[in-house]
Amino acid sequence: LGRKLNSALSNLNKSPVVDEKVLDELLKEITKALLESDVNVKLVQTLKKQVKAKVKPALESTDKSKEGQRKSIIQKAIFDELVQLVDPGVEPYKPKKGHPNVIMAVGLQGNGKTTTCTKLAVHYQKRGFKCCIVCADTFRAGAFDQTRQSATKAKVHFYGSYTETDPVAIASEGVAKFKKERFEVIIVDTSGRHRQESELFEEMKQIQAAVKPDMTVLVLDASIGQAAEAQSRAFKESADFGAIIVTKMDGHAKGGGAISAVAATKTPIIFLGVGEHLNDLDRFSPEPFISQLLGMGDLRGLMEHMSDLARQNPDRQKEMTKAFEEGKLSIRDWREQMQNIMSMGPLSKITSKIPGMAGLMEGLAGEGTDEEASRRLKRLICITDSMTPAELDSDGMLFLRIGKDNKPTGVTKRVLRVAKGSGASVREVEEVLMQHRMMANVAKQMGGKNGMLQALKGMG
Ligand code: GDP
Ligand code: MG
């Protein structure tokens with residue numbers, strides 16, 4: 001699957017003329033890959049249309065010298081549209097410290113709710129929140145035992161009952177008790193099955209009305225496939241959830257169905273379950289998700305093709321669209337800007353004043369404090385000290401190259417070397433690269449890096 005796509009992409013790169021036929025061929029391969037991964041047919045058709053509309057002006061231009069530009073416009077359009085698929089443009093709820101944040105998990109039995117509740121508790125506990133779980137599943141035999149066991153293992157407080165059969169009563173009592181005890185993240189686990197579906201939805205509504213969650217999370221199994229649309233709509237109607245967690249991403253399914261749930265309910269995915277253990281919870285981010293969906297390497301391949309075009313021929317580089325050009329910001333530039341920002345005062349204050357920066361900082365700070373975010377940023381900056389001058393002056397793409405064997409590991413020797421040199425994890429090095437890319441995007445939005453420099457200076 002991935003190989004086919006890659007060859008379609010390299011056909012695009014090799015072909016001397018980029019015309020509608022070449023584009024159609026490429027889109028056909030991408031369509032096939034997406035459909036095989038259970039992405040909704042309608043969504044795939046829309047994606048195709050949108051890519052075509054975006055690149056139409058470039059294809060119709062008769063200017064022969066703009067051939068290279070054409071390719072990069074096509075590749076960028078595809079990349080952007082794919083990421084669009086999993087980005088509904090809605091901000092999920094963020095738990096706040098010193099506040100009883102109530103999170104309620106819903107979803108059909110077996111999708112991973114109970115496991116995910118404990119994982120969430122562990123996640124927020126690591127970030128300094130006082131966490132607990134309320135087991136409001138009275139339908140499944142042994143539900144409370146399951147909660148008790150996993151919560152005990154995770155050293156998380158829990159509440160439930162062996163005798164009470166009313167889930168609404170348990171939920172209200174548990175939440176009230178934990179609120180009184182000043183817990184900060186109170187997670188309510190619910191039942192995923194009933195004698196009748198209507199009873200399940202009615203129960204969810206009642207629990208929701210009783211505990212008034214700050215966020216309801218729909219837990220979806222990655223293997224849901226084409227059923228995702230109808231199922232997520234049904235849940236949205238009765239329990240208006242504000243976030244999605246896709247579980248079992250470590251398995252065979254790539255979660256293509258989950259994309260339909262995002263599209264049908266305009267709700268963002270916030271985490272991915274990637275295993276049965278308590279720590280197997282990853283923050284969701286669109287790029288790796290799409291990469292995995294298409295067969296890793298394809299998306300990176302796309303990006304690499306784009307930067308290759310820029311490197312091969314400096315003249316051609318000049319021809320590239322202005323936006324693409326201005327989005328280029330070296331890692332050295334990134335480091336400089338981050339050092340500037342750090343010297344200006346509390347991170348959250350600074351970033352809230354610069355348009356586009358609030359989102360950029362979120363990944364760093366998460367739900368944590370300013371000091372935590374600063375410490376994290378300092379650590380990321382330190383990692384760049386293990387990069388060579390050429391790497392620092394690069395746009396970061398050279399870190400993304402995949403091996404000759406086209407293995408879907410995605411981790412290059414370069415990344416490993418920097419990780420080793422700086423005593424950081426591979427993930428942290430990748431985070432530097434991701435932060436850098438995000439800033440490059442912000443720079444682009446603000447009219448090039450000079451625009452951003454102006455904005456930063458204006459604040460000093
Ligand atoms: P619930 O019925 O929705 O509460 O689902 P459970 O939490 O009881 O999970 C059902 C099964 O899925 C259990 O065997 C879990 O260990 C397993 N499971 C849950 N999340 C994941 C995941 O991310 N990866 C894998 N491999 N298994 C998971
Ligand atoms: Mg359960």
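Trainee: How do the residues of the shell around ligand 1 divide into nonpolar, polar and charged?

Mentor: The model is a predicted one. The shell holds one nonpolar residue, 12 polar and five charged. Glycine counts as polar in this scheme, and Gly112 and Gly273 are among the closest of the 18 residues that surround ligand 1. Lys113, Thr114 and Thr115 are also among the closest.

Trainee: Which element gives the largest share of the shell around ligand 1?

Mentor: Helix H5, residues 113-126, supplies three residues, the largest share.

Trainee: What makes histidine 194 partly exposed?

Mentor: A residue is buried with 20 or more other C-beta atoms within 10 Å and exposed with 12 or fewer. Histidine 194 has 15 such neighbours inside 10 Å, and therefore counts as partly exposed.

Trainee: Where does histidine 194 lie, and between which elements?

Mentor: Histidine 194 is in the loop between S4 and helix H8 (197-211).

Trainee: Which residues does histidine 194 touch, not counting residues up to four places away in sequence?

Mentor: The contacts of histidine 194 are Phe139, Glu199, Leu200 and Glu203. Contact requires C-beta atoms within 7 Å.

Trainee: Which residues of helix H6 are buried, and why are they said to line one face of the helix?

Mentor: In H6, residues 143-153, the buried residues are Ala143, Phe144, Thr147, Ser150 and Ala151. Viewed down the axis of H6, these buried residues fall within an arc of 140°, so they line one face. The face turned away from that buried side carries the exposed residues Asp145, Thr152 and Lys153.

Trainee: What covers the buried residues of H6?

Mentor: The cover includes H5, strand S2 (131-136), strand S3 (157-159) and strand S4 (185-190). After H6 comes lysine 155, with a positive phi near 55°.

Trainee: What does the record list for residues 268-281, and how much of that stretch is helix or strand?

Mentor: UniProt, in an unreviewed entry, lists "domain: SRP54-type proteins GTP-binding" for residues 268-281. The chain there is 0% helix and 43% strand, and its end C-alpha atoms are 16 Å apart.

Trainee: How many helices and strands are in the protein, and what share of its residues count as buried?

Mentor: The protein has 22 helices and eight strands. Of its 460 residues, 42% count as buried.

Conventions
Residues numbered from 1 in each chain as written. Chains lettered and ligands numbered in written order. Predicted model: local features only at pLDDT ≥ 70, side-chain atom pairs only at ≥ 80, totals over all residues. Near = placed C-beta within 6 Å. Helix = DSSP H or I, 4+ residues; strand = E, 2+ residues; numbered from the N terminus. UniProt positions renumbered as here; feature names shortened; annotations may be inferred. Arc of directions from axis to C-beta. Contact = placed C-beta atoms within 7 Å.
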